[in-house]
Amino acid sequence: MPWDSDIDVQVSENTIHFLASYYNMTIHTCRTDSAPKGKNYMLEINPKYVDGSPEDRLNTIDGRWIDMDTGVFIDITAVRPKPRKKDIMHCKDRHEYRVSRQQFVMQKSDLFPLRDGIFEGRPVKIPYNYAGLLQDEYSKASLTRTKYGG
């Protein structure tokens, strides 16, 4: 990715709790055409995932999906409702996202409705306002730059 040196994914607060409860420290084997014997990955959930406060700067990442051969990992961060802020969700790194919490009504916001996309040849879900979010985080050049700028 030209705008960052690593990969990050976000999941809901309910999802990170589910992963921590049932899958923390589990190993998963993924077989592909390029790795027919499979590659092993470990899911590690930070025990401090339950603390949604951004004050603990050493625990902003809630989990990691780790390649057990190389140690390369994908950061996992929970997105949760921001206390006392209607229609705002946030994560520990202080990012905030506009959402609509009206029951049974899906309004366009920063995150929803999720769009279908392709990343590294695989189908993914991406935020509705992905362009605006990338520009806010990395500048307008993040939408056109093709090489990582450090």
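The buried residues of helix α2 are covered by, among other parts, strand β7 (96-98), where contact means heavy atoms within 4.5 Å. In α2 (residues 130-138), Gly 132, Leu 133 and Leu 134 are buried, a word that stands for under 20% relative accessible area, with exposed meaning over 50% and partly exposed in between (1.4 Å probe, protein chains only). After α2 comes Ser 139, whose phi is positive, near 95°. This is a predicted model, in which local features need pLDDT of at least 70 and side-chain atom pairs count only at pLDDT 80 or more, while totals for chains, interfaces and linings use all residues. Residues are numbered from 1 along each chain as its sequence is written, and side-chain values use heavy atoms, with hydrogens and water left out.

**The chain as a whole**

- The secondary structure comes to two helices and nine strands, where helices (H or I, at least four residues) and strands (E, at least two) are DSSP runs numbered from the N terminus.
- Along the sequence, these elements follow the pattern β-α-β-β-β-β-β-β-β-β-α.
- Of the 150 residues of the chain, 27% count as buried.

**Nonpolar cores**

- The largest nonpolar core has eight residues in all, namely Val 11, Ile 16, Leu 19, Leu 43, Ile 45, Tyr 49, Ile 76 and Ala 78; such a core is a set of buried Ala, Val, Leu, Ile, Met, Phe, Trp, Tyr and Cys residues joined through side-chain atoms within 4.5 Å.
- At least two residues of this core are supplied by each of α1 (13-22), β3 and β5 (73-81).
- Apart from this core lies another, of seven residues, among them Val 79, Met 89, Tyr 97 and Leu 111.
- In soluble globular proteins, nonpolar side chains tend to be buried together.

- Ala 78 has its place in strand β5 and counts as buried because its relative accessibility is 0%.
- Not counting residues up to four places away in sequence, Ala 78 touches several residues, including Val 11, Ile 16 and His 90.
- Asp 51 lies in the loop between β3 (35-45) and β4 (63-67), and it is partly exposed, with a relative accessible area of 36%.
- Asp 51 touches Arg 80 and Lys 92, leaving aside residues up to four places away in sequence; Asp 51 and Lys 92 are 41 residues apart in sequence and 8.7 Å apart in space, C-alpha to C-alpha.

**Aromatic rings and charges**

- Three aromatic pairs are found in the whole structure, where rings of Phe, Tyr and Trp (its six-membered ring) pair if their centres lie within 6.5 Å, and planes under 30 degrees apart count as stacked, over 60 as edge-to-face and the rest as tilted.
- One of them, the tilted pair of Phe 18 and Tyr 22, has 5.1 Å centre to centre and 45° between the planes.
- Phe 18 and Tyr 22 are separated by about one helical turn, because they are four residues apart in helix α1.
- The rings of Tyr 41 and Trp 65 have their centres 5.8 Å apart and their planes at 5°, so this pair is stacked.
- Tyr 41 in strand β3 and Trp 65 in strand β4 are 24 residues apart, and their pair links distant parts of the chain.
- The charged end of Arg 64 sits over the ring of Phe 73, 4.3 Å from its centre, which requires NZ of Lys or CZ of Arg within 6 Å of the ring centre and within 35 degrees of the ring normal.
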